[in-house]
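Colleague: Please show me the model, and then I will ask how some of its labels were reached.

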Amino acid sequence: METLTTTIQAVPLNHYILLSAIIFSIGVIGVLIRRNAIVIFMSVELMLNAVNLLLTAFSVYRGDASGQVFVFFIMALAAAEVAVGLAIIVMIYRNTNSIDINVLNRLKW
Amino acid sequence: MTATEILFWFLSALALFSALMMVVSKNPVHSVLWLIVVFFAISGHYILLNAQFLAIVNLIVYAGAIMVLFLFVIMLMNLSTSTEPQRNSLVKFAGVIAGCLLLTVMVSAVRSANEITNSQATMNEGGIGLIENLGKVLFNEFLLPFEISSILLLSAMVGAVLLATKEPTKPTA
């Protein structure tokens, strides 16, 4: 355990920031270019995970446990969000027989 | 190059590759499986950061519960074989450009904050990610948010049941 915590400083914090930024951007691209509602939803989960990783990295590098508690709350929030979101998607599928988001453009007004 | 660095680069490459494959794969079931690989890689990062509690919770909650829920919904809707209609290539190109611009903005913001992030903050105690320490923080400082999150989960459960049940007039299919 002690060796792990001393060797971890070989990785600079900048690398974690860059990794999280790239994963977040991939999630944004996924939301923008896909039309399947479930895949869009999974891209949102990917963005949440990028933020979780960054919060954990900051928390560990600053020696403050609050960041990890915050990640714990984000996970509880994600579980609730997935339950409600998937219920909405099931409802949409039942009414329109498709989960293509372009079918939903009647929601515009 | 230490073992930690090698593990870091391997897990990062795995996470990025799987995230890309998740976005570009046509079959939604393949997307779910690639996303599970991303979650495993991120759990590996947590272990590397000595946040063992979060690593286990990430595996149980995300890879275990949420992804199984996604798979159930996809298979119940029988979408696994249907070919999804694609966006036209102009919209796809614009989406990729927009995402790359966002990445550029974030990276340049980090580079301007170089003096903060480059200062190698020493890790005070190695044990902050262990469950003993996190439990103390969670139930002392963050007791009220913890209780409120239980209300959030309850309301989400009620909402999901309310949304996903059929109308009572129809027979159960």
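**Labels and their cut-offs**

Modeller: In this predicted model, 72 residues of chain B are in contact with 66 residues of chain A, where contact means C-beta atoms, placed from the backbone, within 7 Å. The chain B side divides into 50 nonpolar, 17 polar and five charged residues. Nonpolar covers Ala, Val, Leu, Ile, Met, Phe, Trp, Tyr, Cys and Pro, charged covers Asp, Glu, Lys and Arg, and the others, Gly among them, are polar.

Modeller: Local features need pLDDT of at least 70 and side-chain atom pairs 80 or more, while totals for chains, interfaces and linings use all residues. Residues are numbered from 1 along each chain, and chains are lettered from A in the order in which they are written.

Colleague: Why is H2(B) called roughly antiparallel to H3(B)?

Modeller: Helix H2 (residues 28-48) and helix H3 (residues 52-77) of chain B pack at about 175 degrees, with axes 8 Å apart. Angles over 145 degrees count as roughly antiparallel, so H2(B) and H3(B) get that label.

Colleague: What residues meet there, by class?

Modeller: The contact of H2(B) with H3(B) has 19 nonpolar, three polar and no charged residues. Among them, B:Phe39 and B:Phe40 are in H2(B), and B:Tyr62 and B:Met67 are in H3(B).

Colleague: How do you know whether A:Leu48 is buried or exposed?

Modeller: A:Leu48 has 20 other C-beta atoms within 10 Å. Buried needs 20 or more within 10 Å, exposed 12 or fewer, and partly exposed is in between; therefore A:Leu48 is buried. A:Leu48 lies in helix H3 (residues 37-62) of chain A. Leaving aside neighbours within four places in sequence, A:Leu48 is in contact with A:Ile74 and A:Ala78.

Key:
Axes fitted to C-alpha atoms, helices over the stretch in contact; angles between N-to-C directions. Helix = DSSP H or I, 4+ residues; strand = E, 2+ residues; numbered from the N terminus. Parallel < 35°, antiparallel > 145°, perpendicular 65-115°, else oblique. Contact = placed C-beta atoms within 7 Å.
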